[in-house]
Amino acid sequence: MKKLILCFLLMMPLTVMAQKFGYMNYTSVLKSMPEYNQANHQLAQLKAKYDAEAERTDAEFNRKYSEFLDGQRDFPQNILLKRQKELQDLCDKGVAFKAECNALLKSAETELMTPVTSKLNLALGQVGDEMALEYIINTEGKEFLYIGPNGIDITAAVKAKLGIGE
């Protein structure tokens with residue numbers, strides 16, 4: 001029994017050394033996908049609509065604030081307080097609208113990018129299975145200063161699986 005365990009332990013490094021692994025830059029491939037560009041285009045259009053509405057709201061606030069400054073010396077106290085409250089309400093609504101826009105844009109980004117990243121992850125899994133890889137490394141963050149000869153750059157294979165030309 002001891003000989004069997006010893007034999008297993010001695011062969012283990014050979015098994016580890018025989019492992020094949022792939023590597024690629026995830027973000028680079030993601031950004032080369034047409035679906036990624038379409039999603040970004042849709043996000044840009046949505047952001048432009050929100051920005052236009054925010055600018056309109058800001059212009060309305062600035063106009064009312066200017067009117068308030070011009071007339072504040074002539075307003076009776078109750079009208080002055082009413083206008084101040086209106087300005088504060090407009091300001092609060094503008095801040096709330098911008099916060100809501102940011103949350104909606106973040107949600108839209110997640111909704112639009114989920115199918116894109118899912119497609120890429122599926123292609124990665126398929127390439128990994130086809131090439132009998134044990135794992136795939138993302139070289140994006142440059143954490144890997146050296147990748148040995150057992151490593152296979154799978155960028156072209158993943159792009160081919162996605163139907164993307166170099």
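A: A nonpolar core is a set of buried Ala, Val, Leu, Ile, Met, Phe, Trp, Tyr and Cys residues joined through side-chain atoms within 4.5 Å. Buried means under 20% relative accessible area, exposed means over 50%, and partly exposed lies in between (1.4 Å probe, protein chains only). This is a predicted model: local features need pLDDT of at least 70, side-chain atom pairs count only at pLDDT 80 or more, and totals for chains, interfaces and linings use all residues. Residues are numbered from 1 along each chain as its sequence is written, and side-chain values use heavy atoms, with hydrogens and water left out.

Now the core itself. The largest one holds 18 residues. Those with the most contacts inside it are M24, M33, L120, V158 and L162. The most comes from α4, with six residues. Helices (H or I, at least four residues) and strands (E, at least two) are DSSP runs, numbered from the N terminus. In soluble globular proteins, nonpolar side chains tend to be buried together.

Start with M24. Leaving out residues up to four places away in sequence, M24 touches V29, L120, L124, I137, N138, T139, I154, T155 and V158 (contact: heavy atoms within 4.5 Å). Two of these partners, L120 and V158, are also among the residues with the most contacts inside the core.

T155 is another partner of M24. T155 sits in helix α5. T155 has a relative accessible area of 18%, so it counts as buried. Beyond four places in sequence, T155 touches Y23, M24, N25 and V29. Its side chain also makes a polar contact of 2.7 Å with the side chain of D153. (A polar contact is a pair of N or O atoms within 3.5 Å; within protein, one must be able to donate a hydrogen and the other to accept it, and residues adjacent in sequence count only if both atoms are side-chain atoms.)

Next, α3. This helix has 38 residues.

Aromatic rings come next. The whole structure has two aromatic pairs. Rings of Phe, Tyr and Trp (its six-membered ring) pair if their centres lie within 6.5 Å; planes under 30 degrees apart count as stacked, over 60 as edge-to-face and the rest as tilted. F21 and Y135 are stacked, at 5.5 Å centre to centre and 5° between the planes. F21 lies in strand β1 (residues 21–24) and Y135 in strand β2 (residues 135–138), so this pair ties together parts 114 residues apart in sequence. F21 is buried at 11% relative accessible area, whereas Y135 is partly exposed at 40%. F61 and Y65 are stacked too, at 6.1 Å centre to centre and 10° between the planes. Both lie in helix α3, four residues apart, about one turn of the helix. F61 is partly exposed at 22%, and Y65 is partly exposed at 38%.

C91 is partly exposed, at 34% relative accessibility, while C101 is buried, at 6%.

Then two loop residues. Most residues other than glycine have a negative phi. A132 has a positive phi, near 55°. A132 lies in the loop between α4 and β2 and is exposed at 52%. K142 also has a positive phi, about 60°. K142 is in the loop between β2 and β3 (151–153) and is exposed at 67%.

Finally, the whole chain. The protein has five helices and three strands. From the N terminus on, they run α-β-α-α-α-β-β-α. Of the 166 residues, 23% are buried. Among contacts with a separation of 6 or more, 82% join residues 24 or more positions apart.

Conventions: The expected span of a helix is 1.5 Å times one less than its number of residues.
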